[in-house]
Each structure stands twice: as C-alpha cells, then as structure tokens.
Amino acid sequence: MLATDEHCRPLPPKPQSKAKHAMASPGTAAALLVVLAALLAPPPAACACSAADRDALLSIRAALSEERRLGVFSTWTGTDCCAGWYGVACDPTTGRVADLSLRGEADDAVMAPAGRPASGVMSGYVSDAVCRLDRLSSLVLADWKQISGPVPACVATSLPYLRILELPGNRLTGAIPPLAALSRLAVLNLADNQLTGGIPGSVTSLAELKHLDLANNRLTGRLPSDFGKLRMLSRALLGRNRLSGPIPASVASMPRLADLDLSENQLTGAIPEGLGRGSGNGGNVLTSLYLGGNRLSGGVPASLLANSGLGMLNLSRNALGGGIPDAFTPRSYFMLLDLSRNRLTGGVPRSLSLAAYVGHLDLSHNRLCGSIPAGPPFDHLDAQSFASNSCLCGGPLGKCT
C-alpha cells in the first residue's frame, strides 16, 4: 500500500493561461511541457482504508449479530474498507472512515434484494470501538430492534467531527452521556429505546443542533431551563417519556422551532405565553405542537390559535381551564385541533367560522356551553367533536331548546 502522503496527494492547481508572447522561450516551453504532462497524468487514486479504522469496524461487527440473515456484513471482506463495504463511506483524500450507516429498515439492494423493503433484526451491543473512528461525521445504527446496552460514553468525547448521531429503534439502556464536546452535532436521534435518567444539561450547549429526537424512552426529570439556547433547533421530539416540571419559558423564544412534541409526559404548569408567536421580525415558524397527555394547567394561549402557520395543535388530556380564546382568523388553517379532555369553559369561539380550514376538531369532554355556530367548519363535523360538555347544543348535537 502506498504511503498516505503520496497516495492521497491532491491534484495540483490548474495553471492560469497567459498569452502575452506570440513565441515562448525554450525555458518556458519546457516548463509548459512539464505542466502539460502533469495535467494529462491520471488523477491520484482515492486513499485506501486506514488499517486502524478497518480493525475498529471489525470490532464493531464482532459485537453485533444478525438475527435474520440479510447479508449486511457480507461485503465486509478484504483489506480496503473504503471499497464496497456496505454502510461505510470514507473521505477520499485521507482514507479515514467518515460515515457508518446501518439501518434495519431500508429498501436498497442489500436489505431488499427481492425489491421488497426488508426489516432486519440485529442483537448485540454498540462497541466502544466506534470511538476509534475519530474522523466520523455520521454514526447511524437504526431500527435493529434488539441492539442493547448503553450508548458508549466515549462517543461524547472521542468523536469531535460528529454531525449525525442516530441510534433509534433499538433497546439501548442507561443514561444519555454528556454531549458538550460534540460541538458540530446537528442531528441527535435516540428515539424508541429504553434510556433512563434526565436530559443532560449539556444538550443546550450544542449550538449547531437542528434535530433532537428522544421520544419513547424512559427519561425523567425536567427540561433544561435554558432549552431556548438551541437557536438552530427546528425539531424537538420528546414525547412518550416521564419528564416532569414546567415547559421552560425560553421555548417560546426559539426562532427556528417548527415541530415540538412533549406529549405523554408528566409536565405541569402553564403553557408559556407567546409560544408559537415566533421571535425577531414577528416570524411564525411553529407548524406542529403536541402537548397532549400531561398535567398542564392555566389557559390556552391566544398566540397558538392566532398563528397562521400552526397546522397541528394537540393540547388534549390536560387540566387546561378558562375559555377558548376567540382568536381565529381567515388565515387559520388547522389540519388537527384537539382541545379535548380538559376543563375548558364558555362557548365555542365564533371566530372559528372564519378559519380557512379546520380538518379534525375535537372539543369533547370539557365544560363548554351554549350554541355551536352555524356554517363551516361546523357543518362537516360530527357529534363526537362536541360530546360530553356541560350544555352545548346546535349543529351536529341538534337544536337548542
């Protein structure tokens, strides 16, 4: 194997064309011939795999076992892990492994040779040998169902170039390691595991984080009070855990937050006033908000109902009280609006009839009273949307008496 500094040398810069003289001197002509020979020479080959990286990959493979033989590791043969090893990609200039991506549900030629998407099963554990791949940009071991054990603690300290960490759909246990050293991390997805403990406060120091998915684990404790420091975050999916305490007020000032799911936790207190209003220049970027299945109290913020970009809003199964703000506008467009199973009082807001669209509306199991306004969207809703209130009438519930 050629030495790395020879084998991976980049191409020389392209010379600039100069046509100042009609005839070149002999020395210039000779120099031009040298440059021309360099340009006509074949480009240097991509670097072969680092021996240390290859050994690390083989250690990772040794810690895993395919329960359904899909041949995921059948290509992991030979000395060059950069040449055709499934799920492995290398930096062509250095030969270092940059990406390791093995998904248990995929439709490529290896996972689905018959053309039908396959669902793989793999057991074992995530070897700390991944931390020897210290030039990794992305680490994905997703949806293998039976990979267990902890997230290796060294991931948080030994992979400074990591931008994507995805380990969802397994049986990982233990705590989420501190992550402050992963300053380039943009995607953190540990959803659908059995992780315990709290959300590390160090998460809020990840200035580049755009996607955070910790849903469907067994996480406890409070959301970091400075969660709003994640100024680049667009998706925060933390539903189906055991989180408690209030929703931090700083969440309302996150300028890029489009999707927030905190459903089915044990959160208490009020919904932060101004959530969904956007920050800076009056921007409204929140498009989906799921807070159902908590212990939230207080009222429904008018800013949520007045947000013209919010299309999915679920506040059901809480202890919200007071009236529903009469804050809808002709720009309101709700594919889902679920305020059911709370303690809401008063009537159905008449401004709701101004909304451009309301797909699914559920106001059932509250303490609402009065007549349901006529016309759209009420004329296409069924009685279940208004069932089990104190004294609602009209519309699908029948005439008021």
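A residue is counted as buried when its relative accessible area is under 20%. By this criterion cysteine 81, with a relative accessible area of 0%, is buried in the predicted model described here. Cysteine 49 is likewise buried, its relative accessible area being 1%.

These two cysteines are joined to one another. A disulfide is a covalent bond between the sulfur atoms of two cysteines. Four disulfides are present in the structure. In the one formed by cysteine 49 and cysteine 81, the sulfur atoms lie 1.9 Å apart. The torsion about this S-S bond is about 80°, and the disulfide is therefore right-handed. Cysteine 49 is located in the loop between α2 (26–40) and α3 (51–62), whereas cysteine 81 is located in the loop between β1 (64–66) and β2 (88–90); the pair therefore ties together parts that are 32 residues apart in sequence.

A further disulfide connects cysteine 82 with cysteine 90, at an S to S distance of 2.1 Å. The link of cysteine 82 and cysteine 90 is left-handed, with -90° about the S-S bond. Cysteine 82 is partly exposed, at a relative accessible area of 24%.

Cysteine 369 and cysteine 391 are also joined by a disulfide, for which the S to S distance is 1.4 Å. Because the torsion about the S-S bond is about -110°, this disulfide of cysteine 369 and cysteine 391 is left-handed. Distant parts of the chain are linked by this pair: cysteine 369 belongs to strand β25 (residues 367–371) and cysteine 391 to strand β26 (residues 391–393), 22 residues apart. Both cysteines are partly exposed, with relative accessibility of 34% for cysteine 369 and 35% for cysteine 391.

Phenylalanine 73 counts as buried because its relative accessibility is 10%, and tryptophan 76 is buried at a relative accessible area of 3%. Tryptophan 85 is buried as well.

A contact between a charge and a ring is found elsewhere in the chain. Arginine 135 lies over the face of tyrosine 161, at 4.0 Å from the ring centre.

Note on methods: Residues are numbered from 1 along each chain as its sequence is written. This is a predicted model: local features need pLDDT of at least 70, side-chain atom pairs count only at pLDDT 80 or more; totals for chains, interfaces and linings use all residues. Side-chain values use heavy atoms; hydrogens and water are left out. Buried means under 20% relative accessible area, exposed over 50%, partly exposed in between (1.4 Å probe, protein chains only). A charge sits over a ring if NZ of Lys or CZ of Arg is within 6 Å of the ring centre and within 35 degrees of the ring normal. A disulfide is a pair of cysteine sulfur atoms within 2.5 Å. Helices (H or I, at least four residues) and strands (E, at least two) are DSSP runs, numbered from the N terminus.
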